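Hi everyone, thanks for coming. I'd like to walk you through one structure today, so please have a look at it on the screen while I talk.

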Amino acid sequence: MHIDVHCHIFPDDYVDLMEKEGPKYGVTVHTDDEGEKHCTLKGVRQPPLTPFTNTDVRLGTMKEMGLDMNILSFSSRPGVYWADPQLAEELSQTANDGYAQIIKAMPEKFSGMATLPAQDAERSVKELERAVTKLGLKGGFMGTNVNGRYMDDESFYPIYEAAAALKVPIIVHPANPAAMNEMRDYHLFNFIGFTTESANSIARLIFSGVFDRFPDLEFIFLHGGGTAPYLIGRFMHGWEVRPECQDIKRSPIEYMREHFYFDSLVFHPPIVRFLVDLMGSERIMLGTDLPYDMTDTQIVQTLESAGLSEEEYANITHLNAQKLFKL
């Protein structure tokens, strides 16, 4: 069985609400000359919406790729962070209700993570609790930064406390990486910016002591954890020699192995093998990034070529997701 934990769907009602309320915030939905709907977020045009909204299209793609189930979540764009808190809450509620409808219709094919209006912690806690306890969603979604506030910011602590109390993870997608304008050439903001952004957030969560305060808190970071796995040696050395990194109780690698899951979206079998050796197969899960053009459409072959044991392969492809999300 193959369960994809990194894939995106935007429910139709969310798109409709964004189309209605978005223009005053610089967010528009329009139809191109070929009849495809697009979202433009503050001047940046996003990919065609059909692959993000049409579940029949998604089911066909899943079959082609050998995927049995999608754990649906939002992406960094268009998201809800562009809106004021009240509208962001309404957008999140609408999106999460849409997820619940999709899952109810096809529970063997879809599960999902709750979109949160993370610019407002109180609203986020309320929506996370509703989405998990009333809608059956499996955790929360956040970006690596929320309008410039990074994940170690204490304003997010109520969200973390709620997730830990509910015993659900937070899935994290990179958003608005630093120096993005300097990396627009060659799509480098995605190749380098997103992966560095994830490492920045992972390091901040570790060194800030968030996990000493919330020992049951768990995150899923996408794109293989970005560059953090390859920097863990620097994190560990810094913890030993830099006083600003010593306000934590254990070594960085212990926090990484106990509080983080990474997906397998690294496109290269030897890197999958490295992640498994570093983290253990119990902390890696299959992820594709559907339906973006940076999807690993050959993810099954990537994993099959990574030199995994039967147990490791089973953990990564479905057992970890089944356990974490109680599927």
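Let's start with a question: does Ser73 count as buried or exposed, and at what relative accessibility? Before I answer, one word of caution: this is a predicted model. Now to the serine. Ser73 has a relative accessibility of 1%, so it counts as buried; the cut-off for buried is under 20%. You'll find Ser73 in strand 5, which covers residues 69-73. Setting aside residues up to four places away in sequence, Ser73 touches Cys7, His8, Ile9, Tyr99, Met113, Phe141 and Ile171.

How do we describe a pair of packed helices? By the angle between their axes and the distance between the axes. For helix 4 (residues 85-105) and helix 5 (residues 121-133), the axes come within 11 Å and cross at roughly 10°. Angles under 35 degrees count as roughly parallel, and helix 4 and helix 5 are therefore roughly parallel to each other. On the helix 4 side, the contact is made by Pro85, Gln86, Glu89, Ser92, Gln93, Asn96 and Asp97. Helix 5 contributes Arg123, Lys126, Glu127, Arg130 and Ala131. If you sort that contact by class, you get six charged, four polar and two nonpolar residues.

Strand 2 pairs with strand 3 (residues 37-41) in the antiparallel sense, over five bridges. One detail to find on screen: Thr31 has Lys37 in strand 3 as its bridge partner.

Which way do its side chains point? In a regular strand the side chains alternate between the two faces of the sheet. In strand 13 (residues 260-263), Phe260 and Phe262 point one way, Tyr261 and Asp263 point the other way, and all are buried. Strand 13 runs parallel to strand 12, joined by three bridges, and Phe221 stands opposite Phe262. Strand 13 also runs parallel to strand 14 (residues 284-285), with two bridges between them. There, Asp263 has Met285 as its bridge partner. To get from strand 13 to strand 14, the chain passes through helix 11 (residues 269-279), and this β-α-β crossover is right-handed.

I'll finish with some backbone details. Most residues other than glycine have a negative phi, and most peptide bonds are trans. Against that background, His223 has a positive phi of about 55°. His223 sits in the loop between strand 12 (219-221) and helix 9 (228-241), and is buried, with a relative accessible area of 11%. Beyond its neighbours within four places in sequence, His223 is in contact with His6, His173, Pro174, Phe194, Asp263, Leu265 and Asp289. Asn147 has a positive phi of about 55° too, although it is not a glycine. Asn147 is in the loop between strand 9 (145-146) and strand 10 (149-150), but is exposed, with a relative accessible area of 52%.

And the cis peptide bonds? The bond from Arg77 to Pro78 is cis, with omega near 0°, and Pro78 lies in the loop between strand 5 and helix 4. The bond from Leu290 to Pro291 is cis as well, with Pro291 in the loop between strand 14 and helix 12 (299-304). Thanks, everyone!

How values were computed. Residues numbered from 1 in each chain as written. Predicted model: local features only at pLDDT ≥ 70, side-chain atom pairs only at ≥ 80, totals over all residues. Heavy atoms only, no water. Pairing = 2+ DSSP bridges. Helix = DSSP H or I, 4+ residues; strand = E, 2+ residues; numbered from the N terminus. Buried < 20%, exposed > 50% of the residue type's maximum accessible area, 1.4 Å probe, protein only. Contact = heavy atoms within 4.5 Å. Axes fitted to C-alpha atoms, helices over the stretch in contact; angles between N-to-C directions. Parallel < 35°, antiparallel > 145°, perpendicular 65-115°, else oblique. Nonpolar A, V, L, I, M, F, W, Y, C, P; charged D, E, K, R; others polar. Right-handed = clockwise from strand over helix to strand, strands pointing away.
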